Structures are given as structure tokens and as C-alpha cells.
Amino acid sequence: MDDVWKTIGALVARFDEHDRERGVGREESLTLQVLKIGEEFGEAAQAVIGARGTNPRKGNSHTWSDVEAEVADVIVTAMVALARMRPDARAFLAGHLREKSQRFL
């Protein structure tokens, strides 16, 4: 996970720099980053519909591999969002996961 969080940190730095260059404030940056999670989820949902072939106009337009890639995009985008919000994102997520998983494990 060290490499994963290192990469997430690099993405955060790049996106923060991009927003600063564009004059986008912190609150707007965070708002847009959370909305990006929704966009990525929509792409995952679209891939499921395509993998199931439930849109008669498009048929089987996606594979389950496409779905997996879109779900991974949701996860990466959410990790970037959390890391942009909290400098302690790694520790926060670990604690949150422990707390939430106790109900099931």
C-alpha cells in the first residue's frame, strides 16, 4: 500500500497545482473532486448495463473487465478526494475501515 498512497499523493499534488494555476479555491476543488467520484460511478454503472446487455439500443457494449476497470477508477478517484481533504488520509481510511468492518467480521 505504500506505493499506492505514494501515487495518490503525487496525483493530489498535481491536481492541487492545476487548480491553483486555474485560480480554483480549496472548497471548489474539493466539491469538484467529490463530484468526480459520481462521474466515475456513472461510468461504472454504464459498464454494468453494457456488460448485461440491458440497453436494447446498444446491446452488449461492455465486458466485465470494463466494469472492473471502471470500479477501480471510482476507488482511485475516491482515494484522491480523501487525500485532498485530509493530510492523514491513509491513517483515517485505515481507522474508518476497521470501524466499519467490525459490524461484518
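Student: Is Gly-59 buried, partly exposed or exposed in this predicted model?
Tutor: In this predicted model, Gly-59 has its place in the loop between α2 and α3. Its relative accessible area is 22%, and the class of buried requires under 20% while exposed requires over 50%. Gly-59 therefore counts as partly exposed.

Student: How far apart in space are Gly-50 and Leu-11, C-alpha to C-alpha?
Tutor: Gly-50 belongs to α2, whereas Leu-11 is one of the α1 residues that meet α3. The two residues are 39 residues apart in sequence, and their separation in space, C-alpha to C-alpha, is 30 Å.

Student: What distance does helix α3 reach from its first C-alpha to its last?
Tutor: Helix α3 covers residues 64-85 and has 22 residues. At the start of α3, a side-chain oxygen of Thr-63 comes to within 3.3 Å of the backbone nitrogen of Ser-65. At 1.5 Å a residue the expected span is 32 Å, and the reach of the helix in the model is close to this, at 32 Å.

Student: Which helices do the buried residues of α3 pack against?
Tutor: The buried residues of α3 include Val-67, Glu-70, Val-74, Met-79, Val-80 and Leu-82. The helices against which the buried residues of α3 pack are α1 (2-22), α2 (26-52) and α4 (89-101).

Student: Is α1 roughly parallel or roughly perpendicular to α3?
Tutor: In this pairing, residues of α1 including Val-4, Trp-5, Ile-8 and Phe-15 meet Val-76, Met-79, Val-80, Ala-83 and Arg-84 in α3. The axes of α1 and α3 are 9 Å apart and the packing angle is about 70°. That angle makes α1, relative to α3, roughly perpendicular.

Student: What is the handedness of the crossing in which α1 passes α3?
Tutor: The two helices pack with their axes 9 Å apart, and residues such as Leu-11 and Val-12 in α1 take part in the meeting with α3. The crossing in which α1 passes α3 is right-handed.

Student: Which side chain does Arg-84 join in a polar contact of 2.8 Å?
Tutor: Arg-84 has its place in helix α3 and, at 7% relative accessibility, counts as buried. Leaving aside neighbours within four places in sequence, the contacts of Arg-84 include Val-12, Phe-15, Asp-16, Asp-19 and Gln-33. The polar contact of 2.8 Å joins the side chain of Arg-84 to that of Gln-33.

Student: Which residue's backbone oxygen does the side chain of Thr-77 reach at 2.8 Å?
Tutor: Thr-77 is found in helix α3 and counts as buried at 9% relative accessibility. Not counting residues up to four places away in sequence, Thr-77 touches Gln-33, Lys-36, Ile-37 and Glu-40. The backbone oxygen that the side chain of Thr-77 reaches at 2.8 Å belongs to Asp-73.

Key. Residues are numbered from 1 along each chain as its sequence is written. This is a predicted model: local features need pLDDT of at least 70, side-chain atom pairs count only at pLDDT 80 or more; totals for chains, interfaces and linings use all residues. Side-chain values use heavy atoms; hydrogens and water are left out. Helices (H or I, at least four residues) and strands (E, at least two) are DSSP runs, numbered from the N terminus. The expected span of a helix is 1.5 Å times one less than its number of residues. Buried means under 20% relative accessible area, exposed over 50%, partly exposed in between (1.4 Å probe, protein chains only). Contact means heavy atoms within 4.5 Å. A polar contact is a pair of N or O atoms within 3.5 Å; within protein, one must be able to donate a hydrogen and the other to accept it, and residues adjacent in sequence count only if both atoms are side-chain atoms. Axes are lines fitted to C-alpha atoms, for helices over the stretch in contact, and angles run from 0 to 180 degrees between N-to-C directions. Angles under 35 degrees count as roughly parallel, over 145 as roughly antiparallel, 65 to 115 as roughly perpendicular and the rest as oblique. A crossing is left-handed if the near helix is turned anticlockwise from the far one by less than a right angle, and right-handed if clockwise.
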